[in-house]
Amino acid sequence: MRNMRWLITVIAVAFFGAASDALAGEAKLISINFGPNAKTPIASALGLTGANTWNLFPAIVTGTPLQYYDGKSSNATISQWIASGTGSMSLRDNSFYESGAANPGYLLMRNYTYTYASTGSFSFSGLEPGQYNVYVYTDSAKTAINKLSATVSGSEGTSYTAQIIGDDGSSYSTFVEGKNYLVLPVIVGLDGALTLTYTGNDLSSDDTGRIQGLELEPVPEASTLTMLMVGGAIVMIYIRRRTEKDDAAVA
């Protein structure tokens with residue numbers, strides 16, 4: 001009986017290990033920061049902390065494989081990047097600096113790419129097919145003309161557009177959706193392609209659309225999560241019943 005219980009435990013551990021690997025395999029975050037600061041941001045609005053790997057521009061050029069947050073190389077590349085230019089915010093204009101340069105978001109929000117009275121875009125290729133959330137970061141709290149509007153599209157499903165809700169004169173030293181970052185859902189088809197376009201909210205006023213960082217977050221399929229939960233429940237029920245039966249036999 002003890003051998004049987006030991007075997008069941010081994011199977012359960014193996015199952016949950018495989019489940020963790022399956023989820024980890026789907027959650028391959030790709031993060032992009034617009035250098036040229038060589039230091040790596042250590043946090044994002046997704047709540048990840050630690051020495052995450054960020055792909056830094058302009059060190060990462062079009063056609064270069066992007067790295068996942070864990071430092072492993074992906075098959076994804078930026079196949080095209082259209083922008084008016086790049087720049088760096090002064091310390092006094094960076095709202096994240098108000099809480100000190102040690103603030104996790106400071107290095108992420110300091111440098112940027114921008115479009116001025118025009119449309120900028122990023123085209124990605126080689127992504128794993130599936131659903132993604134695209135996080136777009138912009139420090140627009142102090143600059144009235146910097147009201148970003150962004151749209152994502154893939155070869156499947158419909159495109160999705162979101163924009164910064166507008167300035168209220170506040171300085172946000174933390175991430176607030178609709179104020180200094182946007183979340184845009186998109187489905188990447190079998191072609192592995194994704195396109196992000198961005199502008200200011202009003203081209204007629206020659207306004208600037210500014211992006212400090214991007215993150216592509218794969219969303220685990222509901223079927224995978226369901227399978228893991230059901231499988232885990234079955235294993236736990238089996239272990240419990242087997243244990244109760246063994247205990248009864250011993251008694």
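Two strands count as paired if DSSP finds at least two bridges between them. Strands themselves are DSSP runs (E, at least two residues), numbered from the N terminus.

What you see is a predicted model, in which local features need pLDDT of at least 70 and side-chain atom pairs count only at pLDDT 80 or more, while totals for chains, interfaces and linings use all residues. Residues are numbered from 1 along each chain as its sequence is written, and side-chain values use heavy atoms, with hydrogens and water left out.

**View 1. Strand E13 and its partners E1 and E7.** Start with strand E1 (residues 30-34), which runs antiparallel to E13 and is joined to it by 4 bridges. Look for Ile-32, whose bridge partner in E13 is Leu-214. Strand E7 (residues 130-137) is also antiparallel to E13, this time with 6 bridges. Here Tyr-132 stands opposite Pro-218 of E13. How many residues of strand E13 (residues 213-218) are buried? It's 5 of 6, so the strand is mostly covered; buried means under 20% relative accessible area, exposed is over 50%, and partly exposed is in between (1.4 Å probe, protein chains only).

**View 2. The open sheet of 3 strands.** Follow the order E4-E5-E12, and you'll find antiparallel pairing. Strand E4 (85-88) and strand E12 (208-211) are at the edges with a single partner strand each, so one side of each has no neighbour in the sheet. On average, neighbouring strands here are turned by 35° against each other, direction ignored; the axes behind such angles are lines fitted to C-alpha atoms, and angles run from 0 to 180 degrees between N-to-C directions. Strand E5 (residues 111-116) is held to E12 by 4 bridges, and Thr-113 has Ile-211 in E12 as its bridge partner.

**View 3. The open sheet of 5 strands.** This one reads E3-E6-E11-E8-E9, again with antiparallel pairing. Which strands sit at the edges? They're strand E3 (77-82) and strand E9 (160-163), and each pairs on one side only. From one strand to the next, the twist averages 15°. Strand E8 (residues 148-154) pairs with E9 in the antiparallel sense over 4 bridges, and Ala-150 finds its bridge partner in Ala-162 of E9.

**View 4. Aromatic pairs.** The structure holds 10 of them. Rings of Phe, Tyr and Trp (its six-membered ring) pair if their centres lie within 6.5 Å; planes under 30 degrees apart are stacked, over 60 edge-to-face, and the rest tilted. Tyr-112 and Tyr-114 make a tilted pair, 6.1 Å centre to centre with 55° between the planes. Tyr-112 is buried at 14% relative accessibility, whereas Tyr-114 is partly exposed at 24%. The pair of Phe-122 and Tyr-198 is stacked, because the ring centres are 6.0 Å apart and the planes are at 20°. Phe-122 lies in strand E6 (residues 120-125) and Tyr-198 in strand E11 (residues 194-200), so this pair ties together parts 76 residues apart in sequence. Both Phe-122 and Tyr-198 are buried. Ring pairs also link Phe-34, Trp-81, Phe-122 and Tyr-198 into a cluster.

**View 5. Charges over rings.** A charge sits over a ring if NZ of Lys or CZ of Arg is within 6 Å of the ring centre and within 35 degrees of the ring normal. Lys-28 lies over the face of Tyr-68, 4.5 Å from the ring centre. Arg-210 has its charged end over the ring of Tyr-112, 4.8 Å from the centre.
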